[in-house]
Amino acid sequence: MTLTFTSLTAWWWPYLFIILAGTLATDVWRWVGVLAGDRLRDDSEAILWVRAVATALIAAVIGKMIVFPSGSAATIPLFLRILAAGGGWLAFMALRKNVIAGVVAAELILVGGALLIAP
């Protein structure tokens, strides 16, 4: 008998399956990071590469959310989504790289613009 998401009928099995699958997929890499972290310098090539890949992935996800949104964000015009992202970035930079200020500014622009444009 193979254990799949629907192989057992107990109410708790899907929850256990999700916890096990999620743990096995992510915790291994966390432990590798913990064990290898002391041996790597902050300016090593490996760390710089990981930081560059992580930054590129975040930029790609944000770009996809702006250009190809899903759900209710898809009803907001593209120019407003771009304006909100730019305004959030400007607030972030103007307030000495304050992430909260950037997020709040972007949200205010997005929600305020959507309320003004809404029919």
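Biologist: How many residues does helix H4 have, and how far does it reach?
Modeller: Helix H4 covers residues 99–117, which is 19 residues, and reaches 27 Å from its first C-alpha to its last. That is close to the 27 Å expected at 1.5 Å a residue, the expected span being 1.5 Å times one less than the number of residues. Helices (H or I, at least four residues) and strands (E, at least two) are DSSP runs, numbered from the N terminus.

Biologist: Before we continue, what kind of model is this?
Modeller: It is a predicted model, in which local features need pLDDT of at least 70 and side-chain atom pairs count only at pLDDT 80 or more, while totals for chains, interfaces and linings use all residues. Residues are numbered from 1 along each chain as its sequence is written, and side-chain values use heavy atoms, with hydrogens and water left out.

Biologist: What is the average pLDDT of the protein chain?
Modeller: The protein chain averages 90, and 94% of the residues score at least 70. pLDDT is the predictor's confidence in each residue, from 0 to 100.

Biologist: Which elements have the lowest and the highest mean pLDDT?
Modeller: Helix H1 (residues 13–37) has the lowest, at 85, and helix H3 (residues 78–94) the highest, at 97.

Biologist: Back to H4. Which of its residues are buried?
Modeller: The buried residues of H4 are Ala101, Gly102, Ala105, Ala106 and Gly113. Buried means under 20% relative accessible area, exposed over 50%, and partly exposed in between (1.4 Å probe, protein chains only). Seen down the axis of H4, the buried residues fall within an arc of 130 degrees, so they line one face of the helix. The arc is that of the directions from the helix axis to the C-beta atoms.

Biologist: And what does the face turned away from the buried side carry?
Modeller: That face of H4 carries the exposed residues Val99, Ile100, Leu108 and Leu115.

Biologist: What covers the buried residues of H4?
Modeller: The cover includes H3, where contact means heavy atoms within 4.5 Å.

Biologist: What does the side chain of Asn98 do at the start of H4?
Modeller: A side-chain oxygen of Asn98 reaches to within 3.1 Å of the backbone nitrogen of Ile100. A polar contact is a pair of N or O atoms within 3.5 Å; within protein, one must be able to donate a hydrogen and the other to accept it, and residues adjacent in sequence count only if both atoms are side-chain atoms.

Biologist: Changing topic, where is Pro69, and what does it touch?
Modeller: Pro69 lies in the loop between H2 and H3. Not counting residues up to four places away in sequence, Pro69 touches Lys64, Ala74 and Arg81. Pro69 counts as buried because its relative accessibility is 18%. Pro69 and Arg81 are twelve residues apart in sequence and 9.4 Å apart in space, C-alpha to C-alpha.

Biologist: What about Ser44, buried or exposed?
Modeller: Ser44 counts as buried, at 15% relative accessibility. Ser44 is found in the loop between H1 and helix H2 (45–67), and its side chain reaches the backbone oxygen of Arg41 at 3.1 Å.

Biologist: Last topic: how many aromatic pairs are there?
Modeller: A search of the whole structure finds two. Trp12 and Trp13 form an edge-to-face pair, 6.4 Å centre to centre with 80 degrees between the planes. Rings of Phe, Tyr and Trp (its six-membered ring) pair if their centres lie within 6.5 Å; planes under 30 degrees apart count as stacked, over 60 as edge-to-face and the rest as tilted.

Biologist: Which residues do the ring pairs link into a cluster?
Modeller: They link Trp12, Trp13 and Phe17. Trp12 counts as partly exposed at 39% relative accessibility, whereas Trp13 counts as buried at 5%.
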